[in-house]
Amino acid sequence: MGRSFRAVAVVKAYNAAGSLVAEDLVPSETFAKSGSLLLNVSAVRAARGIRFISFRLFDDAGNRIDAKSMYYDSSGCESKAPHRRPDGTIIENCDWV
């Protein structure tokens, strides 16, 4: 069983290989006003090689009330989900999408 969270947003950031790069726990009240540095600043994502972020928001009782996932390109800007070749390399700009 995972950790129990109460009144926080859990933001997890991963690199292109799928390894966890950073985790940010932000109190719900702060998250509602200013979000998270990982979600708000593309330069931070680019510098850390972040390509995927998921966040989960929990209420005071520890119930998950929201969840979202986002993909980013190498410059830290939001993008569509990447396509992977069978060898695991990523196709950045697909001509068929």
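Start with the cluster: Tyr 14, Phe 52 and Tyr 71 form one aromatic cluster. A word on the source: this is a predicted model, where local features need pLDDT of at least 70, side-chain atom pairs count only at pLDDT 80 or more, and totals for chains, interfaces and linings use all residues. Residues are numbered from 1 along each chain as its sequence is written, and side-chain values use heavy atoms, with hydrogens and water left out.

Now the pairing rule. Rings of Phe, Tyr and Trp (its six-membered ring) pair if their centres lie within 6.5 Å; planes under 30 degrees apart are stacked, over 60 edge-to-face, and the rest tilted. That rule gives four aromatic pairs.

One of them is Phe 5 with Phe 58, tilted, at 5.3 Å centre to centre and 35 degrees between the planes. Phe 5 sits in the segment before β1 (8-14) and Phe 58 in strand β3 (residues 52-58), so this pair ties together parts 53 residues apart in sequence. Strands here are DSSP runs (E, at least two residues), numbered from the N terminus. Both Phe 5 and Phe 58 are buried. Buried means under 20% relative accessible area, exposed over 50%, partly exposed in between (1.4 Å probe, protein chains only).

Next, Phe 52 and Tyr 71: also a tilted pair, 4.9 Å centre to centre, 50 degrees between the planes. Phe 52 is partly exposed at 21%. Tyr 71 is partly exposed at 30%.

Last, the valine. Val 26 is in strand β2 (residues 20-27). Buried or exposed? Val 26 is buried, at 7% relative accessibility.

Terms used: Helix = DSSP H or I, 4+ residues; strand = E, 2+ residues; numbered from the N terminus.
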